[in-house]
Amino acid sequence: MPQRSYTAGEAARALGISLDTLRRWDRQGRIRVGRDAANRRVVPAKEVDRLRGRESHGLSARNRLPGVVQSVRVEGLLAQVRITVTEPVEITAIVTADAVAELGLEPGAPASAVVKSTSIMVER
């Protein structure tokens, strides 16, 4: 039977973030959490999947590498986005500055590197 929810620590590990980041995201409303009988955070498995980019987005790309944005460098019309996908692997994508703004990419944000042919797309 698939896991239905995670403790806060388990969810943080699954997302590749710290427990403090998970708590901050909860306070900011960036992650949906519940509470158990002892008032501890529990994160539904569907929420972890959403943040890891496992929801279907209608793209034909098969290779999704969920991770966390490490840095964003914008120069003119282009931006360089570095995503840590599985410690210590990082993917670097060159995207438009408009895409960075539209996706709300910033260090610490969950994002997925979507690999199709020789291109890497970024989704959130």
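This is a predicted model: local features need pLDDT of at least 70, side-chain atom pairs count only at pLDDT 80 or more; totals for chains, interfaces and linings use all residues.
Residues are numbered from 1 along each chain as its sequence is written, and side-chain values use heavy atoms, with hydrogens and water left out.

Helices (H or I, at least four residues) and strands (E, at least two) are DSSP runs, numbered from the N terminus. Two strands pair if DSSP finds at least two bridges between them.

With that in hand, the overview. The chain has four helices and eight strands, and from the N terminus on the order is β-α-α-β-β-α-β-β-β-α-β-β. Of its 124 residues, 35% count as buried, where buried means under 20% relative accessible area, exposed over 50%, and partly exposed in between (1.4 Å probe, protein chains only).

Back to our sheet. S1 and S3 are joined by three bridges in the antiparallel sense, and Tyr6 stands opposite Val43 in S3.

Which residues of S3 are on its covered face, and which on its uncovered one? Arg41 and Val43 are on the covered face, Val42 and Pro44 on the uncovered one.

Now look at the turn. The hairpin of S2 and S3 has five residues between the strands. Asn39 sits in that loop, between S2 (34–35) and S3 (41–44), and its phi is near 65°, a positive value in a residue other than glycine. For context, most residues other than glycine have a negative phi.

Contact here means heavy atoms within 4.5 Å. The buried residues of H1 are Ala8, Ala11, Ala12 and Leu15. Seen down the axis of H1, they fall within an arc of 100°, so they line one face of the helix; the arc is that of the directions from the helix axis to the C-beta atoms. Just after H1, Gly16 takes a positive phi of about 75°.

How do H1 and helix H2 (residues 19–28) meet, and at what angle do their axes cross? The two axes come within 9 Å and cross at roughly 100°. The helices are therefore roughly perpendicular to each other. As for the terms, axes are lines fitted to C-alpha atoms, for helices over the stretch in contact, and angles run from 0 to 180 degrees between N-to-C directions. Angles under 35 degrees count as roughly parallel, over 145 as roughly antiparallel, 65 to 115 as roughly perpendicular and the rest as oblique.

At that crossing, Ala8, Gly9, Ala11, Ala12 and Leu15 of H1 meet Leu19, Leu22 and Trp25 of H2.

H2 has its own buried set: Thr21, Leu22, Trp25 and Asp26. Down the axis of H2 these fall within an arc of 145°, so they too line one face of the helix. Turned away from that buried side are the exposed residues Asp20 and Arg27. What covers the buried residues? The cover for H2 includes H1, S2, S3, helix H3 (45–51) and S7. Just after H2, Gly29 has a positive phi of about 80°.

That brings us to S7 (residues 110–116). Five of its seven residues are buried, so S7 is largely enclosed by the rest of the structure. Five bridges join S7 to S8 (residues 119–123), and the two run antiparallel; Ser112, for one, has Glu123 in S8 as its bridge partner.

Last stop: Gly67, in strand S4 (residues 63–75). Gly67 is buried, with a relative accessible area of 10%. Beyond its neighbours within four places in sequence, Gly67 is in contact with Ile83, Thr84, Val85, Ala109, Pro110 and Ala111. Gly67 and Ala111 are 44 residues apart in sequence, yet 5.6 Å apart in space, C-alpha to C-alpha. Thanks, everyone!
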